[in-house]
Amino acid sequence: MVTADQVWAALDELPDPEIPVISLVELGVVRDVRIEGARVSVTLTPTFLGCPALDAMQRALESKLAELGAEPVVEIDRGDGWTTDSITPAGREKLRAAGFAPPTPREASAPHLLQLQAKTFRCPYCGSAETRLENLFGPTPCRSIRYCEGCRQPFEQFKTI
């Protein structure tokens, strides 16, 4: 019989289909693992309801669980449970090292509007806060394109959700 630690370790090997430098566990979309005999249930929370990678993530999770000898059950939580705060510190560092501007964790406080034009997003290449929003719409719904005035590099920024 497989243990929860074995399941979590195996799932941490699965890369995000759209950003393979980070695992599904580091991205924070794998929410829960439950073991009932040979049956292993995993709860998956997509970053967006319309996430085009959702089917690929579900198939990858099922395949990995089957490799462990488990009877896989992947449940999709379609609520609004995922936020950018779900990304682990290791995941944030991997995103930054790969040229993405990860969102900074938010303080536990009442919700407030985030100014997209504010100079709060640091360039992942040089660290400068002198960046500007180039395009609100990036390659996926969860990312925007920014431009660094310091090193003159464009980069993708995760939208804070």
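When I say contact today, I mean heavy atoms within 4.5 Å. Hold on to that, please, as we look at this predicted model.

By that criterion, six residues of domain 1 are in contact with nine residues of domain 2. The domain assignment puts domain 1 at 4-76 and domain 2 at 92-158, and their C-alpha centres lie 27 Å apart. Between them, the two domains bury about 740 Å², with 76% of that on carbon and sulfur atoms. Who supplies the area on the domain 1 side? Ile 19, Val 21 and Phe 48 account for 56% of what domain 1 buries against domain 2, more than any other three residues. As for charges, the count between the domains is one salt bridge. Glu 26 also forms a salt bridge with Lys 94, their closest N and O atoms being 2.7 Å apart.

Let me step back to the whole chain for a moment. There are four helices and seven strands, and from the N terminus on they run α-α-β-β-α-β-α-β-β-β-β. The C-alpha trace spans about 55 × 30 × 25 Å along its principal axes. Of the 161 residues, 40% are buried. Among contacts with a separation of 6 or more, 49% come from residues 24 or more positions apart.

Which residues of α3 are buried? They are Leu 54, Met 57, Leu 61, Lys 64 and Leu 65. Viewed down the helix axis, these buried residues fall within an arc of 100 degrees, so they line one face of α3. They pack against α1, α2, β1, β2 and β3. The face turned away from that buried side carries the exposed residues Arg 59 and Glu 67. After the helix comes Gly 69, with a positive phi near 85 degrees.

On to the salt bridges, of which the structure holds nine. As a reminder, side chains of opposite charge can pair when their charged atoms come close. Here is one of them: Arg 34 with Asp 32, the closest N and O atoms 2.7 Å apart. Arg 34 is partly exposed at 26% relative accessible area, and Asp 32 is partly exposed too, at 30%.

Next, Arg 132 forms a salt bridge with Glu 149, with the closest N and O atoms at 2.4 Å. This pair links distant parts of the chain, 17 residues apart: Arg 132 sits in strand β5, and Glu 149 in the loop between β6 and β7. Arg 132 has a relative accessible area of 32%, and Glu 149 has 32% as well.

What about Arg 143 and Glu 156: buried or exposed? Both are buried. Their salt bridge has its closest N and O atoms 2.4 Å apart. Arg 143 lies in strand β6 and Glu 156 in strand β7, so the pair ties together parts 13 residues apart in sequence. There is a network as well: salt bridges that share partners join Glu 13, Lys 64 and Glu 67. You have met Lys 64 already, on the buried list of α3.

One last stop, back in strand β6, at Arg 146. Its relative accessible area is 0%, so Arg 146 counts as buried.

How values were computed. Residues numbered from 1 in each chain as written. Predicted model: local features only at pLDDT ≥ 70, side-chain atom pairs only at ≥ 80, totals over all residues. Heavy atoms only, no water. Buried < 20%, exposed > 50% of the residue type's maximum accessible area, 1.4 Å probe, protein only. Helix = DSSP H or I, 4+ residues; strand = E, 2+ residues; numbered from the N terminus. Arc of directions from axis to C-beta. Domains from an automatic or database assignment. Buried area = accessible area lost by both parts, 1.4 Å probe. Salt bridge = Lys/Arg side-chain N within 4 Å of Asp/Glu carboxyl O.
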